[in-house]
Amino acid sequence: MGRLEGKVVFITGAARGQGRSHAVRMASEGAAIVAVDICEQIPTVFYPMSTKEDLAETASLVAAVGGRIITAVADVRDRNSLEEAYQNGIREFGHVDTVLPNAGIMPVLQQGSQEQAWHDAIATMLTGVWHTIEVCLPGMIERDKGGSILITSSSAGIGSLALNTLPGQVAYNAAKHGVVGMMRLYASQLAKNLIRVNTVHPGGTDTPMVVNEGYQAFAAEFPDIAGSANFRKPMPVGLNDPADISNAMVFLASDEARYITGVTLPVDGGYLNR
């Protein structure tokens, strides 16, 4: 029996990257998956974002490990579309045990007018996290079986990610810090319901958000910023494999972590402990 047998996990940003990895890993442990992604480009984001084909590939990979999954195209900035995705999951699986607000963007390298990048980053990674939790939470409380909320933050949510001071970069840091405050409030308020709330803080991870032509060109042009010791991990390792983050998510979602709530868990090779 898997560590998440019988659980249903609602994951945003599931079409690729960390979200896909979490979906497949959790399915391999017995969870059913509700996989949500925007599957379109946000103009302020400098790298290509996910597609419907990417989300379909996530579904195929979950099925390949014997998992059950439904997918939905929804924008976390739009609570109504998230509500529809959630209701589809309830019709299919009956309940949600674990909420994983994972959708994220990095609109940090655009030049020129950047005010919209601020709004897109905050709407996706702060308001979008709140939307995701609030859509799923009433049903979790009513079911009265406890549960887990696992928010994807970042090393930038405890320290900082200091590429520049463009509005998108400032908003990225602000959002990743903001969800920590959100987590602490929910953890306190939901403890009586046995709903545990934690944030996970990855360091640089091998996903399309980081591994793309735009970022590599920026790193080559500004090695003193993107390639400096400020972004190296004390452990002799490179980028995290998304599976490293997924392993932490599985643990926190499982009954093995039943007394763990209100925690900020770095998975970063020691980046924050320098």
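The legends below describe close-up views of a predicted model.

**View 1. Helix 1 against helix 2.** Helix 1 (residues 17-28) packs on helix 2 (residues 52-64) at an angle of about 20 degrees, the two axes being 9 Å apart. Helix 1 is therefore roughly parallel to helix 2. The crossing of helix 1 past helix 2 is right-handed. On the helix 1 side, the contact involves Arg 20, Ala 23, Val 24 and Ala 27. On the helix 2 side, Asp 54, Glu 57, Thr 58, Leu 61 and Val 62 take part.

**View 2. Helix 3 against helix 4.** Helix 3 (residues 79-93) and helix 4 (residues 115-143) have axes that come within 10 Å and cross at roughly 40 degrees. The two helices, helix 3 and helix 4, are therefore oblique to each other. Helix 3 passes helix 4 in a right-handed crossing. Helix 3 contributes Arg 79, Leu 82, Glu 83 and Tyr 86 to the contact. From helix 4 come Gly 128, Trp 130, His 131, Thr 132, Glu 134, Val 135, Cys 136 and Gly 139. Arg 79 and Trp 130, both part of this contact, also form a charge-over-ring arrangement: Arg 79 lies over the face of Trp 130, 5.7 Å from the ring centre.

**View 3. The aromatic pair Phe 46 and Tyr 47.** The model has two aromatic pairs when ring centres within 6.5 Å are counted. In the pair formed by Phe 46 and Tyr 47, the ring centres are 5.0 Å apart and the planes stand at 85 degrees, so the pair is edge-to-face. The cut-off for that class is an angle over 60 degrees. Phe 46 and Tyr 47 are both buried.

**View 4. His 22 in helix 1.** His 22 is a residue of helix 1. His 22 counts as buried because its relative accessibility is 0%. Beyond residues up to four places away in sequence, His 22 touches Ile 11, Leu 100, Asn 102, Pro 242, Ile 245, Ser 246 and Met 249.

**View 5. Thr 152 in strand 5.** Thr 152 belongs to strand 5 (residues 147-152). With a relative accessibility of 6%, Thr 152 counts as buried. Setting aside residues up to four places away in sequence, Thr 152 touches Gln 18, Leu 100, Pro 101, Asn 102, Lys 176, Val 200, Pro 202 and Met 249. Thr 264 is 112 residues from Thr 152 in sequence, and their C-alpha atoms are 10 Å apart in space.

**View 6. Asn 173 and Ala 175 in helix 5.** Helix 5 (residues 167-190) holds Ala 175, and Asn 173 lies in helix 5 as well. Ala 175 has 0% relative accessibility and therefore counts as buried. Asn 173 is also buried, with a relative accessible area of 15%, since the cut-off for this class is under 20%. Apart from neighbours within four places in sequence, Ala 175 is in contact with Ala 121, Ile 122, Met 125 and Leu 126. For Asn 173, with the corresponding neighbours left aside, the contacts are Ala 156, Ser 160 and Leu 161. Ala 175 and Leu 61 are 114 residues apart along the chain, with 30 Å between their C-alpha atoms. Asn 173 and Gly 147 are 26 residues apart in sequence, with a C-alpha to C-alpha distance of 28 Å.

**View 7. Lys 52 and Cys 39.** Lys 52 lies in helix 2 and, at 56% relative accessibility, counts as exposed. Leaving out neighbours within four places in sequence, Lys 52 is in contact with Cys 39 and Val 73. Lys 52 and Val 73 are 21 residues apart along the chain, and their C-alpha atoms are separated by 7.6 Å. Cys 39 is located in the loop between strand 2 (32-37) and helix 2. At 10% relative accessibility, Cys 39 counts as buried. Its phi is near 55 degrees, a positive value in a residue other than glycine.

**View 8. Leu 194, a residue with positive phi.** Most residues other than glycine have a negative phi. For Leu 194, phi is near 60 degrees, a positive value. Leu 194 sits in the loop between helix 5 and strand 6 (195-202). The relative accessible area of Leu 194 is 65%, so Leu 194 is exposed.

Key. Residues numbered from 1 in each chain as written. Predicted model: local features only at pLDDT ≥ 70, side-chain atom pairs only at ≥ 80, totals over all residues. Heavy atoms only, no water. Phe/Tyr/Trp six-rings, centres within 6.5 Å; stacked < 30°, edge-to-face > 60°. Buried < 20%, exposed > 50% of the residue type's maximum accessible area, 1.4 Å probe, protein only. Lys NZ or Arg CZ within 6 Å of the ring centre and 35° of its normal. Axes fitted to C-alpha atoms, helices over the stretch in contact; angles between N-to-C directions. Helix = DSSP H or I, 4+ residues; strand = E, 2+ residues; numbered from the N terminus. Parallel < 35°, antiparallel > 145°, perpendicular 65-115°, else oblique. Left-handed = near helix turned anticlockwise from the far one by under 90°. Contact = heavy atoms within 4.5 Å.
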